[in-house]
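Please look first at the sequence and the three-dimensional view shown below. The explanation then moves from the whole chain to single residues.

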Amino acid sequence: MSRSALVGNVTAMLEDAGFAVSDRCAIRPKSFDVAARRGRDLLLLKVLANVDAFDDATGLEMRRLGEYLSATPIVVGLRTRDEELEPGVVYFRHGVPVLSPDTAMELFVEGMAPLVYAAPGGLYVNIDGDVLRDEREDRDWSLGRLANELGVSRRTVSKYEDGMNASVDVALELQDLFEGDLTSPVDVLDGADEVREGEPTPEDPEPEDDDDERIVTVLTRAGFEVHPTVRAPFKTVSEDSGSEQNVLTGHSAFTKAAEKRARIMSSIGQVARTRSVYFVDEAKRESVDGTGIVEREELEDIDDPDELRDLIRERGEKPA
């Protein structure tokens with residue numbers, strides 16, 4: 001299956017599950033393919049046939065964007081170089097959860113969260129330590145008795161009851177011993193923080209060139225907290241504490257490519273509930289599908305944050 005067809009299938013699946021899905025980010029470089037929202041859950045999805053193509057730089061970018069936009073970054077893929085992705089298992093690449101299409105279907109359409117995650121050394125599950133302790137005590141078993149049954153140390157059993165995760169083999173043994181499931185789902189939509197491989201949110205990258213730095217400087221002066229991006233279809237995510245609404249920004253000469261980028265920014269903004277604005281040297285129009293178009297000279301003449309907020313909102317509300 002081509003990657004384009006795979007993206008289409010994943011998009012259709014999300015729409016069937018009640019998500020609003022943005023236009024595909026059909027530009028390069030790109031850290032994610034689509035944004036999708038259902039209620040309070042916002043996803044940034046990268047879709048790949050081979051997840052080995054998901055590199056560290058893209059993972060860092062997706063994790064930053066997840067933090068800026070209160071979104072969960074997710075990769076949906078078919079396989080690695082060596083094997084197909086198992087259904088019902090959450091994998092991790094560079095701190096981002098990775099799901100097979102079947103696992104994504106179970107999670108988003110059927111509401112069945114995965115129970116198993118892959119980590120160095122094998123497959124693991126979350127043990128509900130409180131339930132395990134209750135089951136053990138109901139049978140009047142000591143920690144040592146359960147440890148002997150499992151073939152592990154007393155200390156290991158104590159750690160399971162304190163919340164340490166266990167291998168699938170141990171979980172199956174516990175299920176047989178107590179005749180019930182003691183596992184809890186992997187919380188993918190909250191970023192799977194307890195089991196993810198990643199470090200804390202990576203620091204913002206430095207602006208790539210002088211134009212980027214100029215825009216960041218002007219937006220910062222106007223009261224925005226500006227986060228540059230590297231591989232997103234927008235140049236920055238700017239947090240506006242005054243209106244509590246983020247702004248996606250881009251800048252370049254106003255070319256056909258810029259117009260296409262502005263349309264994608266608008267589509268993402270509608271799903272992510274942000275505004276979007278594109279700064280250009282010169283333009284004969286004031287918006288593109290809801291993305292405001294602002295000439296750089298206009299931007300650099302503004303010092304009042306409220307004036308800039310009003311300009312971005314007014315341009316975004318004008319017909320294209």
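The paragraphs that follow treat the chain as a whole, then its strands, its charged pairs and some residues in loops.

This is a predicted model, in which local features need pLDDT of at least 70 and side-chain atom pairs count only at pLDDT 80 or more, while totals for chains, interfaces and linings use all residues. Residues are numbered from 1 along each chain as its sequence is written, and side-chain values use heavy atoms, with hydrogens and water left out.

The C-alpha trace of the protein chain spans about 75 × 40 × 30 Å along its principal axes. Its secondary structure comes to 11 helices and 16 strands; helices (H or I, at least four residues) and strands (E, at least two) are DSSP runs, numbered from the N terminus. The protein chain has 320 residues, of which 48% count as buried. Buried means under 20% relative accessible area, exposed means over 50%, and partly exposed lies in between (1.4 Å probe, protein chains only). The chain exposes about 15400 Å², and carbon and sulfur atoms supply 42% of this area. Accessible areas come from the Shrake-Rupley method with a 1.4 Å probe, and for residues only the protein chains shown count as cover.

How do contacts link parts of the sequence? Among contacts between residues at least 6 apart in sequence, 60% join residues at least 24 apart; a contact means heavy atoms within 4.5 Å. Glu307 belongs to helix H11 and is partly exposed, at 43% relative accessibility.

Strand S5 (residues 89-93) pairs with strand S7 (residues 116-119) in the parallel sense over 2 bridges; two strands pair if DSSP finds at least two bridges between them. Within this pairing, Val90 has Tyr117 of S7 as its bridge partner. S7 also pairs with strand S8 (residues 122-127), here in the antiparallel sense and over 4 bridges. Ala119 stands opposite Gly122 in S8. S7 and S8 form a hairpin with 2 residues between the strands, where Gly121 takes a positive phi near 105 degrees.

Charged side chains come next. The protein chain has 38 positive and 68 negative side chains, and the centres of the two sets lie 4 Å apart. Lys and Arg count as positive and Asp and Glu as negative, whereas His and the chain ends are not counted. The place of a charge is taken as NZ of Lys, CZ of Arg, CG of Asp or CD of Glu.

Side chains of opposite charge can pair when their charged atoms come close. A salt bridge is a side-chain nitrogen of Lys or Arg within 4 Å of a carboxyl oxygen of Asp or Glu, and by this rule the count comes to 21 salt bridges. One of them joins Arg133 and Asp130, at 3.5 Å from N to O. Both residues lie in helix H4 (residues 129-138), 3 residues apart, which is about one turn of the helix. Arg133 is partly exposed, with a relative accessible area of 23%, whereas Asp130 is exposed at 51%. Another salt bridge joins Arg139 and Glu135, at 2.7 Å from N to O. Arg139 is partly exposed at 31%, and Glu135 is partly exposed at 23%.

In helix H11 (residues 305-317), Asp306 and Arg309 are likewise 3 residues apart, about one turn of the helix. Their closest N and O atoms are 2.4 Å apart in a salt bridge. Asp306 is partly exposed at 44%, but Arg309 is buried at 17%. Elsewhere, salt bridges that share partners join Asp130, Arg133, Arg136, Glu137, Glu161 and Asp162 into one network.

Most residues other than glycine have a negative phi, and most peptide bonds are trans. Which residues other than glycine take a positive phi, near 60 degrees and near 50 degrees? Arg273 has the value near 60 degrees, and Asp289 has the value near 50 degrees. Arg273 is placed in the loop between helix H9 (256-272) and strand S14 (275-280), and this residue is exposed, at 52% relative accessibility. Asp289 is found in the loop between strand S15 (287-288) and strand S16 (291-295) and is partly exposed, at 40%.
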